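The following report describes a single protein chain, with attention to confidence, packing and selected residues. Please consult the sequence and coordinates shown here alongside the text.

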Amino acid sequence: MQHVVFILFFFGTTTLCFASENDNTLIIFSSSSGHEQAGPEPIVFDYLKSNLTAYKIKQVHAGLERSQQLLVNLSEGCVRNLVKNPAREQFFDFSLPETLFLGVKAYLSPRAATLLADTKADTIELVNFAKQHKLVVGIDKERSYGFEIDAELAKLPAVNKYVKEGIESEDRMARMLFSNRVDLLLEYQTVMDIFLSTYLTDIELQSYYVSGAQRYVYSHLACKKTQNSSKLIGEVNQLLRNLYKEPVYYQSHVQFISANLHDNFNKMFTEFLSEYATTEMHP
């Protein structure tokens, strides 16, 4: 595996250097710092890291846009925890799923919920709903919810959105919703469960299903397309297939899911195993 011998880049006034001399170093970018990460992905990634023994893995904290800029000058490199979309698939080869998420929902802030208490809809058309009720939707520029929902977010008028630039921080966006700094936030149900248990243990947020949203979504390890990327992804995929059959994979997900979502998740998990695991296992 060939590597660039010396790469120099800047974050503001901070200078970071990578030196590599054909030592099988694999740089993997993450848009969330270690203390912000929650849920199953860190558990799955630690398993991959400990079993990719042919590589010296170096982790770097950078947003997706910055990561892609840096990857242009790297002969190998990957990004953790990405959802597929057509634009990303032009640049990256994607692994089998790292983690599973129940589909995205639209969550109202506590203040917006009081103003819309009479809204009885179960599913909303995102753009029309935000415009009709003059809601500000929190959007993280670094994130993707899949092609359909990304396209809906792009249709929102500027007055109906707050776009956070820079490194992804799901935690920060959730806290903005809880403190009424944005009116509506799209988030995966299992991820929002984690934030609710951390910050608002006595509040149940009002939420809606979103027209066009997938029932469930996968995140992946994504590696820059190179001559070696298919081999690397193949090694990752074999590790993941082995992990899918272990109870720890199911437990790494379900421990972060509230009891009221277990039935939905178990149905999704069984379907997932039938599609991706070499030998089906039932939780």
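In which helix is D150 found? D150 is found in helix α6, where helices (H or I, at least four residues) and strands (E, at least two) are DSSP runs numbered from the N terminus.

## Basis and confidence

This is a predicted model, in which local features need pLDDT of at least 70 and side-chain atom pairs count only at pLDDT 80 or more, while totals for chains, interfaces and linings use all residues. Residues are numbered from 1 along each chain as its sequence is written, and side-chain values use heavy atoms, with hydrogens and water left out.

The predictor's confidence in each residue is given as pLDDT, from 0 to 100. The protein chain averages a pLDDT of 84, and 86% of the residues score at least 70. Over residues 1-21, pLDDT stays under 50, and the model has 49 contacts for them beyond four places in sequence; a contact means heavy atoms within 4.5 Å. Residues 279-283 also have pLDDT under 50, with 14 contacts beyond four places in sequence.

## Overall composition

The secondary structure of the protein chain comprises 11 helices and 13 strands. Of its 283 residues, 51% are buried. Burial is assigned by relative accessible area: buried means under 20%, exposed over 50%, and partly exposed in between (1.4 Å probe, protein chains only). Among the contacts in the protein chain with a separation of 6 or more, 77% are between residues 24 or more positions apart.

Helix α1 covers residues 41-51, and its buried residues are E41, P42, V44, F45 and L48. Seen down the axis of α1, these buried residues fall within an arc of 160 degrees, so they line one face of the helix; the arc is that of the directions from the helix axis to the C-beta atoms. The buried residues of α1 pack against strands β3 (25-30), β4 (56-61), β5 (78-82) and β6 (92-102), and against helices α9 (229-244) and α10 (247-254).

R80 is placed in strand β5. R80 counts as buried because its relative accessibility is 6%. The side chain of R80 makes a polar contact with the side chain of E41, at 2.7 Å. A polar contact is a pair of N or O atoms within 3.5 Å; within protein, one must be able to donate a hydrogen and the other to accept it, and residues adjacent in sequence count only if both atoms are side-chain atoms.

## Packing of α10 and α11

α10 and helix α11 (residues 262-276) pack at an angle of about 145 degrees, with their axes 11 Å apart. The contact is made by Y249, Y250, H253 and V254 of α10 and by H262, F265, N266, F269 and F272 of α11. Axes are lines fitted to C-alpha atoms, for helices over the stretch in contact, and angles run from 0 to 180 degrees between N-to-C directions.

Y249 lies in helix α10 and is buried, with a relative accessible area of 1%. Beyond four places in sequence, Y249 touches V44, P97, E98, T99, L100, L243, Y244, F269 and F272. Y249 and T99 are 150 residues apart in sequence and 8.9 Å apart in space, C-alpha to C-alpha.

D150 is partly exposed, with a relative accessible area of 22%. Leaving aside neighbours within four places in sequence, D150 is in contact with N85, S144 and Y145. The side chains of D150 and S144 make a polar contact at 2.5 Å. D150 and N85 are 65 residues apart in sequence, with their C-alpha atoms 9.0 Å apart.

N160 is located in the loop between α6 (147-155) and β10 (161-164). At 7% relative accessibility, N160 counts as buried. A polar atom of the N160 side chain lies 3.1 Å from the backbone oxygen of L135. Not counting residues up to four places away in sequence, N160 touches A130, K131, K134, L135, V136 and V137.

## Positive phi values

Most residues other than glycine have a negative phi. K134, although not a glycine, has a positive phi of about 55 degrees. K134 is found in the loop between α5 (126-132) and β9 (137-140), and counts as exposed at 70% relative accessibility.

N180 is a residue other than glycine with a positive phi, near 65 degrees. N180 is placed in the loop between α7 (170-178) and β11 (184-188), and counts as partly exposed at 24% relative accessibility.
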